[in-house]
Amino acid sequence: MIAEDYFFLPPDWQYQVEVARTWRTVVRTSVDRSEQRSSIKKYPAKRLNFTVVPFSAEENSYIRRKLYKGTGKIFGVPLWTDRCVTTQEVNPGSGTTFTVDDNSLRQFEVGAPIVLLQDINNYEITEIVSIGSNSFTIDSAFVLTWPSGTSIYPMVQGRFLASHSITEETTWGHGPLAIEILEEYDGDIIRSLFSGSSFNTYLNLPVFNLEPNRVSSPESMFEVFPEITTFLSKSLEYSYSDEGAIRTRFLFSFGTRTDAYELVKFFDECRGRLENFWYPSWTDDISLTSPFSSSDTVLDIEDIEWAAYWSDTKANGRYLYVLLPDGTEIIRKILSAPSDTQIEVDSSMGTTITSTAGVICCFLYMGRFFSDEIVLKYFTETYVDSSVGLTTIQDVRGTTTTT
């Protein structure tokens, strides 16, 4: 444990609590837009951001002294979103193993500190030796007695921002104060990654098919990469690639910890920007004009000038994603456009529909995460939003290296 001091004033949950995981990837891009990506971290760093609002002179004084004497200190702060509770009384005679209600899908790690916490004056800190199913073994027995139902948290150990600005509402209370802490390295911790996401694969790569929350409109940016030389009144253009890139930001919302951690697992499996995968564009790239049968390989569509704009691309615009109202997914490669209002796919559709109502028909992109950091915004301990940026890449199989 490397923490020199602690900050145990809990967040005001009317403000979101943000928990981030940050990888580090070096991306080298050639002139033809192909990529070589290298991961230079074995595990992601945590970042915690939350807001406190003191409601007493005691809490006001607590904040002021912690911040004033916090220069250079490494603080231990509970990861407020990952609370579980004891299911037995814990006391000096109960040994070093105790049970909790649920410690899964939480960021507890062997060798890391945990805290049993009642309030800023009543707490006890120890380190995890092993983690069992709904149980912990710690390095030494607790000194105090804690009743069943006591809250227990993993802790982030790191430094505060260099400065904080707060308003004084009264002589004993402040307005909202944002606290941000970035994890520091602790060599005693055995780092654990999340894995086991349930996404299907296509051509040996995962299909990241989480459907976005349309309460926030997806935002796309289209990039092109010409090399332009401008003379006195005329410019000359040359490009090493005929394709651009599409960067899209989606909002995902989750009502359970299990659903939210499907995203976390997948992000860790990809090691941030390192690995590439498939994902639907989630927009009406293709509008079906008639239903199809299970044996069909030619689909009737509105004219999208597929032959002119998509037939010579390497990946984007060449793969079709169809989602039926009952949840059935169909992925096919587009081979050609027999006419302006038809596309031909590489195999039969495999199912029959009698109506196009409610059918999502879009391109399946090849891409990766745009950022090495993913941020989970908690409204409660279980309801979570995450705004995720994705970017297309041109090749079906990107070149990656790991160091």
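1. Just after helix α2, Arg271 takes a positive phi of about 50 degrees. Helices here are DSSP runs of H or I with at least four residues, strands are runs of E with at least two, and both are numbered from the N terminus. The model is predicted: local features need pLDDT of at least 70, side-chain atom pairs count only at pLDDT 80 or more, and totals for chains, interfaces and linings use all residues. Residues are numbered from 1 along each chain as its sequence is written, and side-chain values use heavy atoms, with hydrogens and water left out.

2. Because 11 of its 14 residues are buried, α2 is largely enclosed by the rest of the structure. Buried means under 20% relative accessible area (1.4 Å probe, protein chains only). Among these buried residues are Arg257, Tyr261, Phe266 and Cys270.

3. Helix α1 covers residues 57–68, and its buried residues are Asn60, Tyr62, Ile63 and Lys66. Seen down the axis of α1, they fall within an arc of 160 degrees, so they line one face of the helix; the arc is that of the directions from the helix axis to the C-beta atoms. Their cover includes β1 (5–6), β5 (45–52), β6 (75–78) and β13 (177–183).

4. Phe7 and Phe208 have the most contacts inside the largest nonpolar core, which has 85 residues. Such a core is a set of buried Ala, Val, Leu, Ile, Met, Phe, Trp, Tyr and Cys residues joined through side-chain atoms within 4.5 Å. A second, separate core of 13 residues includes Val90, Leu116, Ile128 and Ile138.

Technical notes. Buried < 20%, exposed > 50% of the residue type's maximum accessible area, 1.4 Å probe, protein only. Expected span 1.5 Å × (residues − 1). Contact = heavy atoms within 4.5 Å.
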